[in-house]
Amino acid sequence: MIPPTLTPAHETNSDNNTGGKTETKKPIQFPVIKIVKRGDNLLTLCSEIYGATHSQIINLVKEHNPEINDPDIIITGHKIIFPEYPPKNKN
């Protein structure tokens, strides 16, 4: 099964408070590196970066961050790498 293509949360279009004009934010540059702050969790961070939190995304982030054994437990001060999704072919 081919994973759906996601639009990162930073590439959203919005017409809120723009008088009906469409506002496009800058595309996100991958990889994104975040330093975990108190109260952060992996699902929320993935949602902020990718706009979704399904298992393929969580597994991809865990693959690039082998120190994460449990997505519910991330350590304050650690750096987490968020790679591009879907990954580009390495061919």
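Trainee: What should I know before I start?
Mentor: This is a predicted model, where local features need pLDDT of at least 70, side-chain atom pairs count only at pLDDT 80 or more, and totals for chains, interfaces and linings use all residues. Residues are numbered from 1 along each chain as its sequence is written, and side-chain values use heavy atoms, with hydrogens and water left out.

Trainee: Okay, α1. Which of its residues are buried?
Mentor: Helix α1 covers residues 42-50, and Leu42, Leu45, Cys46, Ile49 and Tyr50 are buried there. Buried means under 20% relative accessible area, exposed over 50%, partly exposed in between (1.4 Å probe, protein chains only). Helices (H or I, at least four residues) and strands (E, at least two) are DSSP runs, numbered from the N terminus.

Trainee: Where do those buried residues fall, seen down the axis of α1?
Mentor: They fall within an arc of 105 degrees, so they line one face of α1. The arc is that of the directions from the helix axis to the C-beta atoms.

Trainee: Why would spaced residues point the same way?
Mentor: An α-helix has 3.6 residues a turn, so residues three or four places apart point the same way.

Trainee: What covers the buried residues of α1?
Mentor: The cover includes β3 (32-35), α2 (55-64) and β4 (79-82). Contact here means heavy atoms within 4.5 Å.

Trainee: And the ends of α1?
Mentor: Asn41 caps the N-terminal end, with a side-chain oxygen 3.2 Å from the backbone nitrogen of Leu43. After α1 comes Gly51, whose phi is positive, near 80 degrees.

Trainee: Now α2. Which residues are buried there?
Mentor: Ile57, Ile58, Leu60 and Val61. Down the axis of α2 they fall within an arc of 160 degrees, so they line one face of the helix. The face turned away from that buried side carries the exposed residues Ser55 and Glu63.

Trainee: How do α1 and α2 cross?
Mentor: Their axes come within 11 Å and cross at roughly 105 degrees. α1 and α2 are therefore roughly perpendicular to each other. Leu42, Leu43, Cys46 and Tyr50 of α1 make the contact with Ile57, Ile58 and Val61 of α2.

Trainee: Next, the largest nonpolar core. Which residues touch the most other members?
Mentor: Of its 18 residues, Leu42, Cys46, Tyr50, Val61, Ile80 and Phe82 do. The elements giving two or more residues are α1, α2 and β4. α1 gives the most, with five residues.

Trainee: What is Leu42 in contact with?
Mentor: Leaving aside neighbours within four places in sequence, Leu42 is in contact with Ile58, Val61, Ile68, Pro71, Ile74, Ile80 and Phe82.

Trainee: Switching to loops. Is Asn65 buried or exposed?
Mentor: Asn65 is buried, with a relative accessible area of 2%. Asn65 is found in the loop between α2 and β4.

Trainee: What lies 2.7 Å from a polar atom of its side chain?
Mentor: The backbone oxygen of Val61 does, and so does the backbone oxygen of Ile81. Not counting residues up to four places away in sequence, Asn65 touches Lys79, Ile80 and Ile81.

Trainee: Last one. Which peptide bonds are cis?
Mentor: The bond from Phe30 to Pro31 is cis, with omega near 0 degrees. Pro31 lies in the loop between β2 (23-24) and β3. The bond from Tyr85 to Pro86 is also cis, with omega near -5 degrees. Pro86 lies in the segment after β4.

Notes: A polar contact is a pair of N or O atoms within 3.5 Å; within protein, one must be able to donate a hydrogen and the other to accept it, and residues adjacent in sequence count only if both atoms are side-chain atoms. A nonpolar core is a set of buried Ala, Val, Leu, Ile, Met, Phe, Trp, Tyr and Cys residues joined through side-chain atoms within 4.5 Å. Axes are lines fitted to C-alpha atoms, for helices over the stretch in contact, and angles run from 0 to 180 degrees between N-to-C directions. Angles under 35 degrees count as roughly parallel, over 145 as roughly antiparallel, 65 to 115 as roughly perpendicular and the rest as oblique.
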